[in-house]
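Open your viewer and show the model as a cartoon. Keep the selection tool handy. We will go stop by stop.

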Amino acid sequence: MDNGLTRIFDLIKRERIYQDQKWGTVKENPHTIEEWTNIIEDETYEAGVEYHKSDDMEKFLAEMIQVAAVVCACLEQYEDVLADYKGR
């Protein structure tokens, strides 16, 4: 795997660990699909606000890492649905 992608996945993993420590795991604090989509929309909105507020690419990308980690949390919760999914 490309080193850049490895670094990105590492940052997402670190954010997921942080989220689990702050909010509890997806098993401890599960959400409905509607709740997940709302959380993802909120996090994505925050990323856009951060970028437009300051034009600070680093803050924007830090927010996008949070978005990716929230998406991963959703996928973790529903991973049994993906049991037969092979990807593209």
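A residue counts as buried when its relative accessible area is under 20%, and as exposed when that area is over 50%. Keep in mind that this is a predicted model.

**Stop 1: helix 2.** Select residues 33–54. This helix has 22 residues and reaches 32 Å from its first C-alpha to its last, close to the 32 Å expected. Now colour W36, E43, A47 and E50, which are buried. Look down the axis of helix 2: its buried residues fall within an arc of 65°, so they line one face. What do they pack against? Select 57–77: the buried residues of helix 2 pack against helix 3.

**Stop 2: the other side.** Select E34, E41, Y45, H52 and K53 in helix 2; they are exposed. Then step just past the helix to D55, where phi is positive, about 55°.

**Stop 3: salt bridges.** How many salt bridges does a search of the whole structure find? The search finds three.

Start with E50 and K53, whose side chains meet in a salt bridge (3.6 Å, N to O). Both lie in helix 2, three residues apart. E50 is buried at 14% relative accessible area, while K53 is exposed at 61%.

Next, select R16, which is buried at 7% relative accessibility. R16 forms a salt bridge with D20, with the closest N and O atoms 2.8 Å apart. The two sit four residues apart in helix 1, so about one helical turn separates them.

R16 also forms a salt bridge with E76, at 2.7 Å between the closest N and O atoms. This pair links distant parts of the chain: R16 lies in helix 1 and E76 in helix 3, 60 residues apart.

Conventions. Residues are numbered from 1 along each chain as its sequence is written. This is a predicted model: local features need pLDDT of at least 70, side-chain atom pairs count only at pLDDT 80 or more; totals for chains, interfaces and linings use all residues. Side-chain values use heavy atoms; hydrogens and water are left out. The expected span of a helix is 1.5 Å times one less than its number of residues. Buried means under 20% relative accessible area, exposed over 50%, partly exposed in between (1.4 Å probe, protein chains only). The arc is that of the directions from the helix axis to the C-beta atoms. Contact means heavy atoms within 4.5 Å. A salt bridge is a side-chain nitrogen of Lys or Arg within 4 Å of a carboxyl oxygen of Asp or Glu.
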